Amino acid sequence: MKNYSSSTTNIKSVYEYSNILSIEVAGIHLRNPLLLASGFLGISQEIFNRLHNDGLGAIVSKSISVSPLEGYKGPTVVSLGEKGYLNAIGLANPGSDAFANEIINNQTPLIVSIVGSSASEFPKLISKFDKLNILGYEINLSCPHVAKMGMEVGDDPELVIKIIKTIKSKTKKPIIIKVGIGNTDILKLATIIQESGADAITAINTIRAMAINVETGMPILSNKIGGLSGIPLKPIGVRCVYEISKKVTIPVIGCGGIFTWEDALEYILAGATAIELGSVIGYEGLKAFNQIKLGLIRYLEKKGYKNIKEIVGLAHQY
Ligand SMILES: Cc1cc2nc3c(=O)[nH]c(=O)nc-3n(C[C@H](O)[C@H](O)[C@H](O)COP(=O)(O)O)c2cc1C
């Protein structure tokens, strides 16, 4: 494909005068469809302000639990060359009181990611955040199941239904459910998520994976198994977005291995209304957002589209 992002056009002027990337997801108006994925730079108001000034569509916070979590001991992250990461952070976060306090004066387009191991934890989380200036919630289903050892919340469809209905009864803000490749068929899960009243789905979270040090023979992560992110995830994420967006009518947000504007485009053509960027920040820094935005703008202009929503799911016609 042609490298549209190599144009010398002044990036700032393109953003200021163009609505070509503006889009709505689950009732949330976004100036562009690029979101920060949960777990990257996601707990400080100062950084949220910087990301907002840099022109992100929205920011998804680190997943926040009712009480603070320390997470696993190190090593918790392994870099896989230029391609991505294996991580086993163990949902380390400052807890809902500290995070609510951090964002008390928030003026940025912030989606709070929340996590709980049983349905009863979610009303407590909603009560902390619902009065604050946030766009909505992303629910991370990759959390250990409190009642079923070895399972994640997303592996138990009955619990997923209960969590969504509980949250919906406590908030009028949109809720986005983030799914991963677990033990439950992702399309079955997507159907249940829609039927339970969720407003959107994010696909996908990291995939369980492992690395071993060949000198010592030891697993590299202290938790042994971690989550794979980055470039290897992309074709799987694109497949999930394609299949989920064919199956349900609520919007799908694509996530996994988006490093370039062509990656972003693939997700959008597969059916994603917005996209989340994570691992790329570790390799390219925040300039990746502007490069991807400019590549998308150039592509849309060249093809004669007026707005990015015209190309969402275009691959479904074939
Ligand atoms: C270090 C690290 C921490 C993460 N923390 C979270 C988290 O708290 N909540 C969540 O839903 N996803 C978390 N993720 C998953 C990312 O949000 C994203 O789904 C995944 O990394 C795939 O996107 P990417 O390939 O662009 O990184 C984390 C990923 C990494 C690498």
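Predicted model: local features only at pLDDT ≥ 70, side-chain atom pairs only at ≥ 80, totals over all residues.
Residues are numbered from 1 along each chain as its sequence is written, and side-chain values use heavy atoms, with hydrogens and water left out.

**Stop 1: the whole chain**

Switch to a cartoon view and you will find 10 helices and 14 strands. Helices (H or I, at least four residues) and strands (E, at least two) are DSSP runs, numbered from the N terminus. The radius of gyration is 19 Å, close to the 20 Å that the globule rule gives for 318 residues, so the chain is as compact as a globular protein of that length. That radius is taken over C-alpha atoms, and the rule is 2.2 Å times the number of residues to the power 0.38. Along the principal axes, the C-alpha atoms fill a box of roughly 55 × 55 × 40 Å.

How many of the 318 residues count as buried? The share is 54%. Buried means under 20% relative accessible area, exposed means over 50%, and partly exposed lies in between (1.4 Å probe, protein chains only). Now think about contacts, meaning heavy atoms within 4.5 Å. Among contacts between residues at least 6 apart in sequence, 72% join residues at least 24 apart.

Next, colour by charge. The chain has 32 positive and 27 negative charges, and their mean positions are 3 Å apart. Lys and Arg count as positive and Asp and Glu as negative, while His and the chain ends are not counted. Each charge is placed at NZ of Lys, CZ of Arg, CG of Asp or CD of Glu.

**Stop 2**

Select S61, in the loop between β4 (58–60) and β5 (77–79). Is S61 buried or exposed? S61 is buried, with a relative accessible area of 0%. Show what surrounds it: leaving out residues up to four places away in sequence, S61 touches S38, G39, G42, F48, F99, L110, I111, V112 and S113. A polar atom of the S61 side chain lies 3.0 Å from the backbone nitrogen of S113. This is a polar contact: a pair of N or O atoms within 3.5 Å, where within protein one must be able to donate a hydrogen and the other to accept it, and residues adjacent in sequence count only if both atoms are side-chain atoms.

Now select S38, in the loop between β3 (34–36) and α2 (45–53). S38 is buried too, with a relative accessible area of 14%. A polar atom of its side chain lies 2.7 Å from the backbone oxygen of S61, and the backbone nitrogen of S63 lies 3.3 Å from a polar atom of the S38 side chain. Again leaving out residues up to four places away in sequence, the residues that S38 touches include K62, E138, K178 and E276.

**Stop 3: helix α6**

Select residues 186–195, which form α6, and highlight its buried residues I186, L187, L189, A190, I192 and I193. What do the buried residues of α6 pack against? They pack against α5 (157–170), β9 (175–179), β10 (200–203) and α7 (234–247). An α-helix has 3.6 residues a turn, so residues three or four places apart point the same way. Just after α6, look for G197, with a positive phi of about 105°.

**Stop 4: backbone details**

- G74 and P75 are joined by a cis peptide bond, with omega about -10°. P75 lies in the loop between β4 and β5.
- From A203 to I204 the peptide bond is cis, with omega near 10°. I204 sits in the loop between β10 and β11 (207–210).
- L91, in the loop between β6 (84–87) and α3 (96–102), is a residue other than glycine with a positive phi, near 60°. L91 counts as buried at 16% relative accessibility.
- K224 is not a glycine, yet its phi is positive, about 70°. K224 counts as partly exposed at 47% relative accessibility.

**Last stop: N290**

Finish at N290 in helix α10 (residues 287–303). N290 and G55 are 235 residues apart in sequence, and their C-alpha atoms are 7.8 Å apart in space.
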